[in-house]
Amino acid sequence: MKELNYSLYQKVYLIRRAEAVIREHYASDAMKTPMHMSTGGEAIAAGVCHALRAQDQIIGTYRSHGIYLAKTGETDRFFAEMYGRATGMAKGKAGSMHLTAPEAGLICTSAIVGTTIPVALGAVYANRQKKQDRVVAVFFGDGAIDEGVFWESLNIACGMRLPVLFVCEDNGFAVHVPKSQRHGYRSIADIVSRFECNVFSSDSTDAEVIYGLTSDAIGAMRASGKPSFLYLKYYRYLEHVGVNEDFNQGYRDRSEYERWRAKDPVELQRKKLRRWYSEDEIGRAEAVIDRQVEESVKRAELAPFSGPAELYEDVLA
Amino acid sequence: MSRTISYREALNEAMAEEMRRDPSVFVYGIDVADHKRIFNSSKGLVEEFGAERCFSTPLAEDAMTGFGLGAAINGMRPIHVHMRVDFLLLGMNQLVNMIATHRYGSGGTMKIPMVIRAIIGRGWGQSYQHSKALHSWFAHVPGLKVVMPSTPRDAKGMLVAAIRDDNPVVFIEHRWLYDAVGEVPDDAGTIALDGARVLRSGSDITVVGTSWMNVEAVKAAQILEQRGVSLEVIDARSIAPFDSGTVIRSVRKTRRCIIADNDWVNCGFSAEVAATVYEACLRELRAPIKRIGYSPTPCPCTRPLENEFYPNAVNIIRAVEEQLGLSETDLSGEDFYSYENKFKGPF
């Protein structure tokens, strides 16, 4: 319990801190990449990824800072990529929306909503053929459910008995359009439960709860051989793209944010840690992460850009 | 030693041999394991390799294309088959946004060894959603290789090479070529995915053909030979990367060039070839380059209009005559290809 909550706090804090630093530095325009921030959704990234093992694989969306940091724990290549430097994971050629970390199991993220969902199916199929014991979790937003490829993928995974861990992160908006304007049905979880898969739902901001639910979902997947579908609600604190708040834009109300802010995933986790740790101990743990982030940013700022020849590298193998 | 086999058998042998050699190779797509077996090109595969490595899929081209990407990243070598290239359009998002970019976006850490076989069609009322070619679309996108062999030998060697290649390869097969027969060496090996083939040497005009248009070009060359006109027919074969060197060497020799593309002309591969030749040998050309392709319309169903829509050997012969200032050859006694000689009824 104690160790679990400590580890979960490290993850949510790292995500929050890394994005806070992005927010501090973004105005200088040194990070020329469209940022879709994970702030507010840390419990899902941390909880799901903590339930996965090192060899397990994840696939995400353009809003994937959270899962990258939770799964890899590393910040050097992450910040270098944000700064467009040669030391980034894609030598500056991918940016914030296209994160990869093959050694840590992050297969891909994509800027086109829904496109990465079927990639998970093939990854699971390959793991089965190659007898690799690896769970594959694919993260997507509620907007992806509007795309045909989601339904194609859900149908195929259930029909072909491909145990994919679907993780639907529902923040209520597809870009700025609310679910009420987009959905011709009441409950996605209800519909998905009619498919041959295991469905789990939560609106918790407690990383420990998400961790437990994910572990259950993986257990159900192993026991049944069927996919599991995690339906998780959260609130996106910042604008769809960018590092600022957008409550003055009129499409959502600050009071809703305040309701979610009252159970903020980072503060909630910190509060729980106080059962086992002193304020000083927690502060020291945070300082370690602060320093890691700060040093990564410094290294990124000092790193060179890729030379012109790099433009032509890696188009083909 | 070599054998005479059909294009269809060449495709089948290439897949079966590679599946035997490498357990990572698998083949999937609508109809792959059904009784029709993609015009029999996937005959015997499900029996020999089982349903895990040869399977028909739901009608979900978009997701099944992404499926191939995930499988390829995790070490498999998928062969995804489309009975019509028109169906592959439903997977274009995966192909263009995901598959073509992922190696670049992963900083070169991941590879995507994937073959997408797509059949292009013509004839017997296929009309406008069963007959496109679209190789120029695919070739436009960096990160994809595009090939369209026209002989059994090339079909086998290039499909083996495509399966072993660590990049996504779009492999385009003309339905009419399935019955073409030709010599294939017993030890066929691989044929590189970046080279054109000189199908017929000649000295008066270079004709660059793609896919079925090579059959038409060779027929045109045979007829014109009677008049002492010598065509050099080059099968472009590889659309991306395009072997411009072979074409340019030929045009420097003949100083004339006709491009017979199995596709629409506008913004097509023929424009790319023409621009490449002009850039390299504008001053050596004795006549403007002539481009031949589909009419700028959707493909009609009925035979008389379909005949107008598709280019053929006659169009090539007339273009040659125009370039050389010759009178029209009397073609009344010539026997041109007709699909009615091969079969009746739906493909």
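Q: A residue is buried if 20 or more other C-beta atoms lie within 10 Å of its own, exposed if 12 or fewer, and partly exposed in between, with C-beta atoms placed from the backbone. What percentage of the residues in chain A is buried?
A: This is a predicted model, in which local features need pLDDT of at least 70 and side-chain atom pairs count only at pLDDT 80 or more, while totals for chains, interfaces and linings use all residues. Residues are numbered from 1 along each chain as its sequence is written, and chains are lettered from A and ligands numbered from 1 in the order in which they are written. In chain A, which has 317 residues, the buried share is 49%.

Q: What radius of gyration does chain A have?
A: The C-alpha atoms of chain A fill a box of roughly 50 × 50 × 40 Å along the principal axes. The radius of gyration is taken over C-alpha atoms, and the globule rule is 2.2 Å times the number of residues to the power 0.38. For 317 residues a compact globule would be near 20 Å, which agrees with the value for chain A, 19 Å.

Q: Why is Q132(A) called partly exposed?
A: Helices (H or I, at least four residues) and strands (E, at least two) are DSSP runs, numbered from the N terminus. Q132(A) is partly exposed because the number of other C-beta atoms within 10 Å of its own is 14.

Q: How many strands are there in chain B?
A: Chain B has 347 residues, of which 56% count as buried. Its C-alpha trace spans about 60 × 50 × 45 Å along the principal axes. Chain B has 14 helices, and its number of strands is 14.

Q: Which element gives the most to the side of chain B that touches chain A?
A: Two residues are in contact if their C-beta atoms, placed from the backbone, lie within 7 Å. On that basis 33 residues of chain B meet 36 residues of chain A. Two or more residues of the chain B side come from each of α4 (61-73), α6 (92-99) and α7 (102-105). With nine residues, the element that gives the most is α4(B).

Q: By class, how many polar residues has the side of chain B that touches chain A?
A: Ala, Val, Leu, Ile, Met, Phe, Trp, Tyr, Cys and Pro count as nonpolar, Asp, Glu, Lys and Arg as charged, and the others, Gly among them, as polar. The chain B side has 12 nonpolar and five charged residues, and its polar count is 16.

Q: How far apart do the C-alpha centres of domain 1 and domain 2 of chain B lie?
A: Chain B is divided into domain 1 (2-185) and domain 2 (197-324), with bounds from an automatic or database domain assignment. Between them, 23 residues of domain 1 are in contact with 21 residues of domain 2. The domain 1 side includes at least two residues from each of α8 (135-140), β6 (145-147) and β7 (168-174) of chain B. The C-alpha centres of the two domains lie apart by 26 Å.

Q: Which edge strands does the open sheet of five strands in chain B have?
A: Two strands pair if DSSP finds at least two bridges between them. The strand order is β9-β11-β10-β13-β14 (chain B), with mixed pairing. Pairing on one side only, the edge strands are β9 (197-200) and β14 (290-294) of chain B.

Q: Which residue in β14(B) stands opposite A260(B)?
A: Strand β13 (residues 257-264) of chain B runs parallel to β14(B) and is joined to it by four bridges. In β14(B), five of its five residues are buried. The residue opposite A260(B) is I292(B).

Q: What angle does the direction of helix α14 of chain B make with that of β14(B)?
A: Axes are lines fitted to C-alpha atoms, for helices over the stretch in contact, and angles run from 0 to 180 degrees between N-to-C directions. Helix α10 (residues 213-225) of chain B packs on the sheet, and its direction makes about 170 degrees with that of β11(B). Helix α14 (residues 313-324) also packs on the sheet, touching β10, β11, β13 and β14 of chain B, and its angle with β14(B) is about 165 degrees.
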